[in-house]
Amino acid sequence: MEYKKTPPPRTKEAGNGLLGGPKAKPVGLPDEDNYEIQVWESEDGAYIGTCFRSSMNGITHHAWLEAIKKHPGKYLVNCNGKFVVRTVVAPNEVPDAAGMVEPNNILLGDIPQWYGLVAHCECGNINHIDRYHPRLKNRQADLLTAIAKRLSCTECAKAKRPKGEIKISLYKLPR
């Protein structure tokens, strides 16, 4: 298990600039696990604050998806007590000229529903990926980079070329 980073101490001032403000008294039993999502500038950057804290694990997953949406480009840490459950750099919602967004090593299961997946091969072939395909159903805990390594390009296979490097990017689905 990996231990979480220790955020800087909070002051009791109301406008101290931290997301959570002054530290609140813990709710529930003192020995109960507390789930929280911390927001950092980058992996080794400054601590911004805590955007979610609860003693119930059931709502942590939905809060995690909301934190990814609410804090683009920030380093998020999901903790259970003093242990790190998962970390991610939230996708930066600044699309390039083609409307694509870099995934920043996010897990397949952590991508919100309003994003689609596109695979880009070195040869220039572009294909959409169905994230709900039965072959990807058991890959929800895999990084997109690991899934990209398992993909093969159909155009490269038809032309009998060696397998090219495939990158996965995200795009926002229309409403």
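D110 and R86 form a salt bridge, with their closest N and O atoms 3.1 Å apart. This pair ties together distant parts of the chain, 24 residues apart. The model is predicted. Across the whole structure, a search finds five salt bridges.

**The D110–R86 bridge**

- D110 sits in the loop between β5 (100-101) and β6.
- R86 belongs to strand β4, which covers residues 83-89.
- Is D110 buried or exposed? D110 is buried, because its relative accessible area is 4% and the cut-off for buried is under 20%.

**The R139–D142 bridge**

- R139 and D142 also meet through their side chains in a salt bridge, at 3.2 Å from N to O.
- R139 has a relative accessibility of 27%, so R139 counts as partly exposed.

**The K158–E155 bridge**

- In the salt bridge between K158 and E155, the closest N and O atoms are 3.8 Å apart.
- Where do K158 and E155 lie? Both are in helix α3 (residues 154-158).
- They are three residues apart, which is about one turn of the helix.
- K158 counts as exposed, because its relative accessibility is 64% and exposed means over 50%.
- E155 is partly exposed, at 35% relative accessibility.

- Strands β6 and β7 run antiparallel, and four bridges join them.
- Which residue stands opposite L117? Across from L117 is I129, in β7.
- The hairpin has four residues between its strands.
- G124 takes a positive phi there, near 105 degrees.
- In a regular strand, side chains alternate between the two faces of the sheet.

- N125 is found in the loop between β6 (115-121) and β7 (126-129).
- N125 lies in a loop, yet N125 counts as buried because its relative accessibility is 17%.
- Which residues does N125 contact, apart from neighbours within four places in sequence? They are A119, H120, C153, T154 and E155.
- One of these contacts, E155, is also the salt-bridge partner of K158.

Conventions:
Residues numbered from 1 in each chain as written. Predicted model: local features only at pLDDT ≥ 70, side-chain atom pairs only at ≥ 80, totals over all residues. Heavy atoms only, no water. Helix = DSSP H or I, 4+ residues; strand = E, 2+ residues; numbered from the N terminus. Buried < 20%, exposed > 50% of the residue type's maximum accessible area, 1.4 Å probe, protein only. Contact = heavy atoms within 4.5 Å. Salt bridge = Lys/Arg side-chain N within 4 Å of Asp/Glu carboxyl O. Pairing = 2+ DSSP bridges.
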